[in-house]
Amino acid sequence: MNHEWVLLWFPIILATGVGGRLLGRPRAAGLGVLCALFWVVLIQARLGTSVWMSGWSIASIVSGALAIAGMALWASESAPWPSMSQPALSGRTSVVSTQDGRGGDGFSRFSRCLEQFDEWLEARRTDPDPWPEFGEFIRGILYDCCATSHVRLFRVLSEDEELVPVREAHPFTEEEWPSAREGIVGHVVTTGRSYLAGDASQGELIEDLARRTQKAPVWCFAVTQGARKIGVVTVGGLEGHERFDRNHYRAVELLVAHFWNTLSEVCRGRTAETRDPTSNALTRKSFFSEAERALAESYRQGEPCALAVVAMESLRHLNDTGRWDTFDEVVREVSWTLTQRMRGDDLLGRFDESRFLLLLRRVDSSLGSLILQQITAKLAALCGDEHRWDTELAVRCGVAGTGTGRAAFGTLLSQALSLCREAREGGVVLASDLQPDEACSV
């Protein structure tokens, strides 16, 4: 849910909570349904029918409607959350102690959580990997709202595989990750239904499953995106969780899901801006930016670099004849072949529809030429399969190295492009900035 949607959604859920508190439980359900419908109609009227074409938008609308309905029911309770100004019922002590400064009613907590997430996202949206810090942020949110402990967050990459934590495990600890198919966690991931210890509405079978599960969490819920599960949160301890009703936990689950999905969408949008969708290589603009940064770092460390331009001749013919699927398949195969010989800090980018850029770190022109000879030999075998592509494709490559100087990226790129053109004119596969007799002939 983007910021504009939050600005529309928050006044509705706030008004629903106030109305549910004033009307009482019998009428609060009707109010929640009406407000949820108003939320759906408002988004429909503002964005049009195109909003139903995106799975993320549908998930946001449905989650927002459920949160509104849940807020109405939760607010209708006689004592929703203990606060600084309201003593807990039946002589019980407030879960959130007034002595540690975390008091306040439920609405102020939700408002504070939304404000904190907006600030956090603005500060972290450009991080290369914001997920570890996101895990710490969610731990703080859950502690403030539910006094939780031992919170763990996992990504669901596949429902048939192990779960993957949002942050890397410590190298000196051997911590087992829960299965996505077994125990309470597996039940939550598979069904999407939350588990809360002691909740009688779950049934005896679920409680029996919890007793049979080693180190079963006291609270576990899935994060969904439409019908797909993308994450799961497990909580090992709750401090006085009997003080809260089930609607309170459901509201917190929805809040965490909103934050999770928002960050996923931000990361996905950032990837779409920097990655070519067909080859998964860097776009030209992103490659230029990353290459300039990599060159500057290499110059500081006194390391050489080599820049290669790999061109696929006759590839445009596939597009001109309407064979777009075959064109995309060739591009993906070429990109995959180039990626196999790359190291972690090498860069691969797509210059245009038929040319790729490859920056090799800590490699001079001589070694770079040897590496590119091996790569182009594999590409030549791939493109030479006329039976598969039903057309004759050829590979040309130009390699330029930094040498002992500090050539600018633009200069290096111009030299590599010129060498690639010379390779085509000279009828060779590879041309480098070394002596002409070191070029690789067809």
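Guide: Here are a few questions and answers, starting with the whole chain and moving on to some of its parts.

This is a predicted model in which local features need pLDDT of at least 70 and side-chain atom pairs count only at pLDDT 80 or more, while totals for chains, interfaces and linings use all residues. Residues are numbered from 1 along each chain as its sequence is written, and side-chain values use heavy atoms, with hydrogens and water left out.

Visitor: How many helices and strands does the chain have?

Guide: Helices here are DSSP runs of H or I with at least four residues, strands are E runs of at least two, and both are numbered from the N terminus. Counted that way, the chain has 14 helices and eleven strands.

Visitor: What percentage of the residues is buried?

Guide: Buried means under 20% relative accessible area, exposed means over 50%, and partly exposed is in between, with a 1.4 Å probe and protein chains only. The chain has 442 residues, and the buried part comes to 47%.

Visitor: Is Thr326 buried or exposed?

Guide: Thr326 belongs to helix H11, residues 324–340. Leaving aside neighbours within four places in sequence, Thr326 is in contact (heavy atoms within 4.5 Å) with Leu318 and Trp389. Its relative accessibility is 18%, so Thr326 counts as buried.

Visitor: Which strands pair with S9, and in which sense?

Guide: Two strands pair if DSSP finds at least two bridges between them. S6 (residues 305–313) and S9 share eight bridges in the antiparallel sense, and Val310 has Cys397 in S9 as its bridge partner. With S10 (residues 428–432), S9 has three bridges in the parallel sense, and Gly398 stands opposite Ala431 there. So to name the partners, as DSSP bridges define them: S6, antiparallel, and S10, parallel.

Visitor: What is the handedness of the β-α-β crossover from S9 to S10?

Guide: S9 and S10 pair in the parallel sense, and the chain gets from S9 to S10 through helix H14, residues 409–426. A crossover is right-handed if, with the strands pointing away from the viewer, the path from the first strand over the helix to the second runs clockwise. This one is left-handed.

Visitor: Within what arc do the buried residues of H14 fall?

Guide: The buried residues of H14 are Phe409, Leu412, Leu413, Ala416, Leu419, Cys420 and Ala423. The arc is taken from the directions from the helix axis to the C-beta atoms. Seen down that axis, the buried residues line one face of H14, because they fall within an arc of 125°.

Visitor: Which elements do those buried residues of H14 pack against?

Guide: Glu425 and Gly426 are exposed, on the face of H14 turned away from its buried side. The buried residues pack against helix H9 (284–300), S6, strand S8 (355–361), S9 and S10.

Visitor: Where is Asp390 found, and what is its phi near?

Guide: Most residues other than glycine have a negative phi. Asp390 has a positive one, and is exposed, with a relative accessible area of 59%. Asp390 is found in the loop between helix H13 (386–389) and S9, and its phi is near 60°.

Visitor: What about His150, what is its phi near?

Guide: His150 is in strand S1, residues 148–155, and is exposed at 66% relative accessible area. Its phi is positive too, in a residue other than glycine: near 55°.
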